[in-house]
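The points below are grouped by topic.

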Amino acid sequence: MHILVLLMGLMTAASAQMSEQGKGQAKASAKPIKMVVLGDSLSAGYGLPADAAFPVRLQKALEAKGIKVEMTNAGVSGDTASGGRERLDWSVADGTDAVIVELGANDALRGIDPAVTRAALSDIITKLQARKIAVLLCGMLAPPNYGSEYAAKFNAIYPDLSKSLGVPLYPFFLDGVAANPKINQADGMHPTAEGVDIVVKNILPTVEAFLGALSGQRS
């Protein structure tokens, strides 16, 4: 009888310990993912209220899916890929878990040599990987005014880097929004608040998969 009582007591204690461990693991898994959007005016929210910027809207969309994220908007209007590389260390703080890289639109608009853009983006990705930070690369397409040869070289940068460096790619950041005057500002280049919401809606499945893979690595 005493042995039975003792065994029951040990089982209860073990169950309680496992329960506490489970709670601890649940708390750990519920810890927000620290994410930075490293980009240009398209993510900075040029011409929009602060709460309409891409990182803010993306965070709200993720939270609606039950995904907790601490988001930092590191978008700088006018920035090129080289500019992003130069400010990388202070734009992406220690402890960051994931970075969405949205750079290159200004390179294409200015006709910068695609080799320069490629090198800068490659450096950004490899430096983040060296810091054990996950990267999601957002692609950009060159405007037609520099010709098909330039566009072919520029447009190839993103899928090539995705493959060679092993990072997920969202092929075209402005997919579904570019060249639509109804959802772009008067300059024809920057999305309206409605346009940003469309960008978020379109990219959300890719970001969810990206963060899902990251959460699996963290657990």
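Two strands count as paired if DSSP finds at least two bridges between them. The model is predicted. Its open sheet has five strands in the order β2-β1-β3-β4-β5, and their pairing is parallel. β2 (69-75) and β5 (169-170) are the edge strands, each with a single partner, so one side of each has no neighbour in the sheet.

**Pairing of β1 and β3**
- Strands β1 (residues 33-39) and β3 (residues 98-102) run parallel and are joined by five bridges.
- G39 lies opposite E102 of β3.

**Helices on the sheet**
- Helix α7 (residues 114-130) packs on the sheet and touches β1, β3 and β4 (134-138). The direction of α7 makes about 175 degrees with that of β3.
- Helix α9 (residues 157-165) also packs on the sheet, where its contacts are with β4 and β5. Between the directions of α9 and β4 the angle is about 160 degrees.

**The two sides of α9**
- I157, Y158, L161 and S162 are the buried residues of α9, with buried meaning under 20% relative accessible area.
- Viewed down the helix axis, the buried residues of α9 fall within an arc of 125 degrees, so they line one face of the helix.
- The cover over these buried residues includes α7, β4, α8 (148-155) and β5.
- K163 and S164, on the other side of α9, are exposed.

Note on methods:
Residues numbered from 1 in each chain as written. Predicted model: local features only at pLDDT ≥ 70, side-chain atom pairs only at ≥ 80, totals over all residues. Heavy atoms only, no water. Helix = DSSP H or I, 4+ residues; strand = E, 2+ residues; numbered from the N terminus. Contact = heavy atoms within 4.5 Å. Axes fitted to C-alpha atoms, helices over the stretch in contact; angles between N-to-C directions. Buried < 20%, exposed > 50% of the residue type's maximum accessible area, 1.4 Å probe, protein only. Arc of directions from axis to C-beta.
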